[in-house]
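Please look at the model below with its core, its ligand shell and its backbone in mind. The paragraphs after it take these topics in turn.

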Amino acid sequence: MIVVIDPRRCNGCERCVNTCFEVFRQWGEFLRPSFEVKDEVFREKVEKAARDCPRKAIVIVD
Ligand code: SF4
């Protein structure tokens, strides 16, 4: 899956990092607007992070 974070929406609260550190750590380190997650084992947690994002800044592209 491809994870896209809209920097205009994100407020940097790091809730996504707490929900799925394994994936969103990448984003925190490199601040890339999008990145690929090859390991599907994280899909459920990434989907939860997207649902729980207070700014609705996370989009998952299959
Ligand atoms: S949860 Fe949403 S608003 Fe908070 S840091 Fe992650 S992407 Fe940004």
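This is a predicted model: local features need pLDDT of at least 70, side-chain atom pairs count only at pLDDT 80 or more; totals for chains, interfaces and linings use all residues.

Residues are numbered from 1 along each chain as its sequence is written.

The largest nonpolar core has 10 residues, namely Val-3, Ile-5, Cys-16, Cys-20, Val-23, Phe-24, Val-46, Ala-49, Cys-53 and Ile-58. Such a core is a set of buried Ala, Val, Leu, Ile, Met, Phe, Trp, Tyr and Cys residues joined through C-beta atoms within 7 Å, where buried stands for 20 or more other C-beta atoms within 10 Å, exposed for 12 or fewer, and partly exposed for values in between, with C-beta atoms placed from the backbone. In soluble globular proteins, nonpolar side chains tend to be buried together.

Around the ligand there are 13 residues, each with its C-beta atom, placed from the backbone, within 6 Å of the molecule; the closest are Cys-10, Cys-13, Arg-15, Cys-16 and Cys-53.

Most residues other than glycine have a negative phi. Glu-14 counts as partly exposed because 13 C-beta neighbours lie inside 10 Å, whereas Lys-56 is exposed because it has 12 other C-beta atoms within 10 Å.
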